[in-house]
Amino acid sequence: MGTLAGALIGGQYVAASLDVTGTGASGLAGVVAGALLAGALAANAAGLRVSGRLQLVMVLTLVGLLVVAVLGFRARPALAVRGR
């Protein structure tokens, strides 16, 4: 909801700065708001793809480290820290 309101305010700002009045101002504000929303949605979609891949890499790295730690412990349990 806030994104839509921000885009509309931005469109009205552009219309006012270009000194457009009347119904032309409303039309221009709508076009600019649509362009701003499209840009925001495209950036969000790109960010989701990148962050999804990065998250997968991080999880696979953590799983790999866990497997190495468990296998290393099973191979040499004498190196484990013993409690008192």
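Helices (H or I, at least four residues) and strands (E, at least two) are DSSP runs, numbered from the N terminus. The model is predicted, so local features need pLDDT of at least 70 and side-chain atom pairs count only at pLDDT 80 or more, while totals for chains, interfaces and linings use all residues. Residues are numbered from 1 along each chain as its sequence is written, and side-chain values use heavy atoms, with hydrogens and water left out.

**View 1. The whole protein.** The protein has 2 helices and 0 strands. Of its 84 residues, 10% count as buried (under 20% relative accessible area; exposed is over 50% and partly exposed in between, with a 1.4 Å probe and protein chains only). The accessible surface of the protein is about 6800 Å², and carbon and sulfur atoms account for 71% of that surface. Areas come from the Shrake-Rupley method with a 1.4 Å probe; for residues, only the protein chains shown count as cover.

**View 2. The loop between H1 and H2.** Asp19 lies in the loop between helix H1 (2-17) and H2. Its phi is near 60°, a positive value in a residue other than glycine. Asp19 is exposed because its relative accessible area is 65%.

**View 3. The packing of H1 and H2.** The two helices, H1 and H2, pack at an angle of about 130°, and their axes are 7 Å apart (axes are lines fitted to C-alpha atoms, for helices over the stretch in contact, and angles run from 0 to 180 degrees between N-to-C directions). H1 and H2 are therefore oblique to each other; angles under 35 degrees count as roughly parallel, over 145 as roughly antiparallel, 65 to 115 as roughly perpendicular and the rest as oblique. Their crossing is right-handed, a term used if the near helix is turned clockwise from the far one by less than a right angle, left-handed being anticlockwise.

View 4. Ser26 lies in helix H2 and is exposed, at a relative accessible area of 54%. Between the C-alpha atoms of Ser26 and Ala15, 11 residues apart in sequence, the distance is 7.9 Å. Ala33 is also in helix H2, but counts as buried, at 4% relative accessibility. Its C-alpha atom is separated by 9.6 Å from that of Val14, 19 residues away along the chain.

**View 5. A nonpolar patch.** Val59, Val63, Val67 and Leu71 make a nonpolar surface patch of about 330 Å². Val67 is found in helix H2 (residues 23-75) and is partly exposed, with a relative accessible area of 42%.

Conventions. Patch = residues over 30% accessible without salt bridge, like charges linked within 9 Å, V, L, I, M, F, W, Y side chains within 5 Å. Salt bridge = Lys/Arg side-chain N within 4 Å of Asp/Glu carboxyl O.
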